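Please open the model in your viewer and keep the selection panel at hand. The tour below goes from one selection to the next and says what is to be found at each stop.

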Amino acid sequence: MSREIYANIIVDISHENVDRPFQYRIPETLRGRIRVGMCVLVPFGRGNKELAGYVVELTDHPVYLPEKTKDIVRISDKGVLAESSQIRLAAWMKEQYGSTMITALKTVLPARQKMRTPSRRRIVLAVSLETAAAVIEECRKKRASARLRLLEKLYTEKELPYEYAVGELSVAPSVIRALEEKKMIAVTSELSYRNPVKGKAFPKRSVTLSGAQCEIVTDILADYRSGRPGTYLIHGITGSGKTEVYMELIAGMISMGKQAIVLIPEIALTYQTVSRFTSRFGSRVSVIHSRLSMGEKYDQCERAKKGEIDIIIGPRSALFTPFQRLGMIVIDEEHESSYKSESMPKYHAREAAAKLASYYGASLVLGSATPSLESYYASENGSIRRYELTQRLTGGQLPKVYVEDLREELRSGNRSIFSRKLQQMLGQRLAAGEQSMLFLNRRGYAGFISCRTCGHVMKCPHCDVSLSAHKNGKLVCHYCGYEQPAVNTCPVCGSGYILGFRAGTQQIEENLHKLFPQARILRMDADTTRKKESYEEILAAFADGGADIMVGTQMIVKGHDFPNVTLVGILAADLSLCAGDYRAGERTFQLLTQAAGRAGRGVKPGEVVIQTYQPDHHSIRYAAAQDYRSFYDEEMGYRQMMGYPPAAHMLAVLVLSLNEESGQRLAAGLVRETAKAKAEEAVQVIGPAPAVISRIGDQYRTVFYAKSVNRAALIAAKDRMEILLEMQKPQKETVQFDFDPVNGY
Ligand code: ADP
Ligand code: ZN
Ligand code: ZN
């Protein structure tokens, strides 16, 4: 038990506007008994009025003069708040990831809506019909027409919806209130929660779990029952039965009176996925997604708090659902970068889930076809248990993968975006009436320079990541700031054909039209999917056979199943391979594996073409061979050698500034502060350098990185920077911290 002397307390918490915490002293008698999330009574303001407050943090550092700090009066009998685990988690996130407590609290607590939950208020007649008739007569005489309208209607209907009275009958609320006070009528209310899954019926189905699936379920539930909940990784290709395992586990939890959170990337949160859960668990399931209104999201939290639901399904933020009896957290597609928050605090849902699970004594189940290096590494060193599901249960064979060497194409005089193999295969599909998907993985694209003749990529000699071409003509490393002049000839083979890659989806669509004038082509990218619905519309049109070929960015690799797609083409695997950050290889492996999984979902076998200038790169070779293990071994070797996560930890510090120089000055000061720890704690600083996107709007972006095998050393460095910022209070600059960044800057 902690024996801290001070408690930071939010007095009278209101979710809509979380106040700043006030510090109180913990009196001797209460020391060691106060916990984060607890409700306590404190003297507040000049009159020392006693108010309830919530402990958000315990500390030994006084912020006021100790003699001026007031004492906590006592622990309230309200005890611990339903959201106490969330509040504790917020305090942990603030510490781990760097943000203010308020920002962290706003992240974990649902915003209370000003708008009320629509209630089905009804007006009922509270007197006998005789009495009512008498009053109606009186109203008629007094010409009290509003009352008359209402009472006459009530006389025949006995009860009315409140909205009807106010709306159609145009009876003012004050009139209703007056009648209510006279006990003529009563207003009843029954809160009707906005339930995003209600009213949809789903067919029931059931499967008998395979031996491998059973083993996982039995193990995990046995651990939980014996009071040793753990973290588990289920490594299994798409269609290997992971979701069935999750559902069986959750059924086990529910039978023990426990609740579960299921995280799914927003993009995979389709009707199909949700309906599998609802058909099994009925109305005890609820869903959170970005298209829900704030009010609807808030309602889901209320329902969870009241124990009206047992399962919540949703993206990252569903983690903060305030269940009282949480028994399990499932994170499907745990490698997805969307689990990392891009705003402060930049938490990773996987890490936050592990913390939250520890508060509740809950199990954490991670699932993926291409696990993150972090999770797989943890399963290798034994801190989490790994299971493999190797059989595809949906039928359909794994696709055949061809790697096409674009250097070879150039040598044979083919300068088009499409290799000869791909052209030929597209033609076959058109003739056979089958569908194809072409995919340009531009994510993280940072303007790398490579040789079309030999495939050589210009890389930073210090960081082993791709250099990016800048407008000033220089090649820049976005980790350390190293720069060199642009090159005209390849340093390896002397070819003059060394340049950047510039093909967009639109250009690909145009070239396709020239090649196959008869083909019906759909394009999906940021331009064509501006509207929220258009993403689904385009996918639905394609699924319906509305086109022969779909061209798109990485958006097209997820979600829907397209049984008629028998060919998937990855036009330039190099785009994500040369993204200029240490995760480029991992991301490419995941994208290629996922894209390949799009082909051959139906009865017809599928084929995949990967075009690249680097056919020998391990990400490409092992994705083509569908060999995760070998990919992991080689990639992990690289991380170890370079000291990148998960072999070590990395803290990215992003300085946003209105003035370029002042941003650089501030970054330099922060670097000096970080470097102070260097000697004793082995923190290595790289940079500062302009970010990949060096300016957004009016803001300049400068970034530097600190690396250490010891995460605590990086947290200490972050703490020192926060103190420095607190003292300097920069006005035109903001600083963001990002531990073990997932996306490059
Ligand atoms: P994943 O989540 O790994 O993609 P799913 O759980 O969705 O895999 O399973 C893929 C398909 O196989 C689903 O249609 C599912 O109903 C079916 N399935 C899963 N397990 C079994 C099983 N033991 N017996 C028969 N069908 C199964
Ligand atoms: Zn070359
Ligand atoms: Zn570098």
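Rings of Phe, Tyr and Trp (its six-membered ring) are taken as a pair if their centres lie within 6.5 Å, and planes under 30 degrees apart count as stacked, over 60 as edge-to-face and the rest as tilted. By this rule the count comes to 14 aromatic pairs. This is a predicted model, in which local features need pLDDT of at least 70 and side-chain atom pairs count only at pLDDT 80 or more, while totals for chains, interfaces and linings use all residues. Residues are numbered from 1 along each chain as its sequence is written, ligands are numbered from 1 in the order in which they are written, and side-chain values use heavy atoms, with hydrogens and water left out.

Select Tyr376 and Tyr632 to begin: their ring centres are 4.6 Å apart with the planes at 55°, so the pair is tilted.

Phe542 is buried at a relative accessible area of 0%, and Phe562 counts as buried at 1%.

Finally, move to the zinc ion (ligand 3), whose protein donors (N, O and S atoms within 2.8 Å of the metal, or 3.2 Å for Na, K and Ca; water is not among the atoms, so sites may look incomplete) are the SG atoms of Cys460, Cys463, Cys477 and Cys480, at 2.2 to 2.3 Å. Along the chain, these donors follow the spacing C-x2-C-x13-C-x2-C.

Notes: Buried means under 20% relative accessible area, exposed over 50%, partly exposed in between (1.4 Å probe, protein chains only).
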